[in-house]
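Thank you for making time for this.

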Amino acid sequence: MEHGSYKDQSASTFSLAEDHTLANALRFTLNQDPRVSVCGYSIPHPSEARVNIRVQTTGDSAKEVLKDSCQDLMMICQHVRSTFDQAVTDFKNNNGSESE
């Protein structure tokens, strides 16, 4: 859910049913984007699985910048996964005969 002004699309707060794990990763990717001037997140209450992410941009739509950051985060996760899978395969190929 997006909370913000209809007049100023460059600043919005997004409420997601997530926790620190995703929020901190999104905050990191948002801070890497040069279009973002301010971003941060808060957890309204510890017993709720809800996070509020605040995004302020230099002029672009905050919704589009958040969407781009989510896509960047997915690409980072895919890269980490493929790198890990390749390292496991290499380890098994190089050390598999020694462990038997």
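Which residues of the largest nonpolar core touch the most other members? Before I answer, please keep in mind that this is a predicted model, in which local features need pLDDT of at least 70 and side-chain atom pairs count only at pLDDT 80 or more, while totals for chains, interfaces and linings use all residues. Residues are numbered from 1 along each chain as its sequence is written, and side-chain values use heavy atoms, with hydrogens and water left out.

The answer is F14, L26, L30, V36, I53, V55 and L66, out of 13 residues in that core. Helix α1 (20–32), strand β3 (36–42), strand β4 (51–57) and helix α2 each supply at least two residues of the core, and α2 gives the most, with 4 residues. By nonpolar core I mean a set of buried Ala, Val, Leu, Ile, Met, Phe, Trp, Tyr and Cys residues joined through side-chain atoms within 4.5 Å. Buried stands for under 20% relative accessible area, exposed for over 50%, and partly exposed for what lies in between, with a 1.4 Å probe and protein chains only. Helices (H or I, at least four residues) and strands (E, at least two) are DSSP runs, numbered from the N terminus.

Let me turn to a residue of α2. S69 sits in this helix, which covers residues 62–99, and S69 counts as buried because its relative accessible area is 0%. Setting aside neighbours within four places in sequence, S69 is in contact with L26, T29 and L30, where contact means heavy atoms within 4.5 Å.

Now for the chain as a whole. The protein chain has 2 helices and 4 strands, which follow the pattern β-β-α-β-β-α along the sequence. Its radius of gyration, taken over C-alpha atoms, is 19 Å, well over the 13 Å that the globule rule (2.2 Å times the number of residues to the power 0.38) gives for 100 residues, so the chain is more spread out than a compact globule. Along its principal axes, the C-alpha trace spans about 65 × 35 × 15 Å. Of the 100 residues, 22% count as buried, and residues 24 or more positions apart account for 55% of the contacts with a separation of 6 or more.

Finally, two residues with some accessibility. E18 lies in the loop between β2 (11–16) and α1, and E18 counts as partly exposed because its relative accessibility is 34%. Not counting residues up to four places away in sequence, E18 touches A49, R50 and V51, while the C-alpha atoms of E18 and I43, 25 residues apart along the chain, are separated by 9.3 Å. T21, in helix α1, counts as exposed because its relative accessibility is 63%. From C-alpha to C-alpha, T21 and D85 are 22 Å apart in space and 64 residues apart in sequence.
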